[in-house]
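Biologist: Before we talk terms, please put the model on the screen. I will ask what each label rests on.

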Amino acid sequence: MLNMNFIEHLEKYLSKEIINNLIKELEKERTSSLILNTNKISNNSFINQFPNIEKHPFLKNVYYFDKNVYQFGKSYLFDNGTFYIMDASSMLVSELLNPQDNDLILDMCAAPGGKSIYLSLKNKNVNLISNDISHSRTLTLSSNIEKLGLDNITVINFDFLEDPAILNNTFDKIILDAPCSGSAMFRKMEEMRDDWSYEKVLSLSSVQFNLLNRAIDLLKDGGELIYSTCSFSFEENENNILKILKYRDDISLINLPFVEGEYRSKELKEAIHLFPMFYKGEGQFIAKIKKNGTLAKRRLKASSNDNFSKKYKTIIDSLNVNFKYYKEIKNHLYGSNFELINEKIPLIRYGIDLCEIKKDYYIPSFNLAHYLPSTSSIILNEEEMKKYLRGESLTKKLDLKDGFYTVSFNNLNLGYVKYVKGVLKNLYPKGLRH
C-alpha cells in the first residue's frame, strides 16, 4: 500500500476521486508495449507471428502485449533489433517532439535509450545526440541502439551542468526527460515505491529546474524543448514549468495537441499528464517550450573527412559501407552521415560501430551486422540459427573465400561469422548467447 504522505501531496492539484482511482490503478499489473523496427520486419509479418497483440490506437508501429503470453524480452527478435520494449506513455514524449528532416536533436538524459530509439525509428534523417551523465548508463544506451542497427545516433557522456557555456544555442530540438522520483514506475519496480519520499521529490525538483534552465541555453532561438518526467508530483512537473516561465523572458509555453486519454490540470492547461487509468501506460508528464526567435537550420559541411577515410580505405571497402564521416574511438572505427558537433565532447558511439581494429587485422561489429541488409548474408536454417545463438560454430561447405560474413534467419541478420575452410566461426556476442 502507498503511504498517506504520497497521497496527501497529490491533493495539490488532483481531486480525491482522481487520486483514489490512481491509487487503485497502481495496485494493478503494469502494461507492456513495444515499438516495431520496420527496417527489419513489417507490421503484417509481426502480427502474423504474434496475433495476440494489440495495436496502439494512434502511435504508428506500436503494440501492447501481455508479457504472460509473449516473453518478448527473452526473444532472439529482441536481441537482434526487431523491436524495442518501452512504455507507451514514454513513447508519446518523442512523438510530440515531432522531429523534422535534418533537425539536430539532443536527448539530454537519454539512458536507457527509448526516446532516442523512437525518434530514430520515426525519422532516420534527424541527427540525434543521446547523452547521459552516467558512463555505465551510456554503455547500456549504446548497447540498446546497437541491437537495432541505427546509424543516426551519437552517444555522449557529459554533464552539461559542469560547463555552462559549451554548445549553447546549438540544438533545434531537445528532450529533457529529467531524473525524477519515479512514482509512474511504481508498478514496474517495487523498489521505487520503497524509495519514494516527499524529501526526494523536493530535492529532485531543484535538480530538474537547473537542468531545464540549462537545456534552454542549449536550444537555438526558435527551437523547441519537451520537458517530461515519470512522476505524478506537482513539484516536479507543473511547478517547474511555472517557475521557469517566471525566471526567463525568452521562452513561451506551447499548447500540446489533444491526446486521447490525457489529463490537464487547471494550473497548467497547456501541458498534459498521462495517468494509467486514463491512458494505457505507466504515466508521464509532458510540457513543450519554445525559445523566442526564428529558427535557423544548421548548415552541414559540404565535404567529408576524406583524409581519415583514406587511412582506412581497405577496411571501409571490405565492409561494404559508405558514410560521409568516420571516426576512431578506442580502437573502434565508426561511420556516420552527420558531422560531429564538438570534438571536445566525450564520445561513446558515433553512428555505426563498424569494426574493432587490431594491430594487423580487424573484426566487424555486431552493430554493423544489424545495420546491413540481409541480402548478401549466409542463410541459416532454424537448427543452425539456434546453434549460432548458443555461440556454437557451424560446419557449412560454401563456395566462398575465407573471411567475415553476416548470417541471417528469416531475412534477419543475426551477426557475423568468420568463414574458414568450411567452418563458420561464431562471432555472436557472448553476453547475448542462449
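Modeller: First a definition: a residue is buried under 20% relative accessible area, exposed over 50% and partly exposed in between, with a 1.4 Å probe and protein chains only. The model is predicted, so local features need pLDDT of at least 70 and side-chain atom pairs pLDDT 80 or more, while totals for chains, interfaces and linings use all residues. Residues are numbered from 1 along each chain as its sequence is written, and side-chain values use heavy atoms, without hydrogens and water.

Biologist: Why is Lys-421 called exposed?

Modeller: Its relative accessible area is 69%, and the cut-off is over 50%, so Lys-421 counts as exposed. Lys-421 sits in the loop between strand S22 (412-420) and strand S23 (423-426). Its phi is positive, about 50 degrees, although Lys-421 is not a glycine.

Biologist: What makes S22 a strand?

Modeller: Strands are DSSP runs of E with at least two residues, helices are runs of H or I with at least four, and both are numbered from the N terminus. S22 covers 412-420. The chain has 14 helices and 23 strands.

Biologist: How do you know that the chain is as compact as a globular protein of its length?

Modeller: The radius of gyration, taken over C-alpha atoms, is set against the globule rule, 2.2 Å times the number of residues to the power 0.38. For 434 residues the rule gives 22 Å and the chain has 23 Å, which is close, so the chain is as compact as a globular protein of that length. Buried residues make up 58% of the 434.

Biologist: What makes the count of disulfides zero?

Modeller: A disulfide is a pair of cysteine sulfur atoms within 2.5 Å, and the structure holds none. The sulfur of Cys-109 is 10 Å from the closest cysteine sulfur, in Cys-180, and therefore too far for a bond. Cys-230 is in no disulfide either: the nearest cysteine sulfur, that of Cys-180, is 3.3 Å away.

Biologist: Why are Cys-109 and Cys-230 called buried?

Modeller: Cys-109 has a relative accessible area of 18% and Cys-230 has 16%. The cut-off is under 20%, so both count as buried.

Biologist: Why does Asn-320 count as exposed?

Modeller: Its relative accessibility is 61%, against the cut-off of over 50%, so Asn-320 is exposed. Asn-320 lies in the loop between helix H12 (313-319) and strand S14 (325-329).
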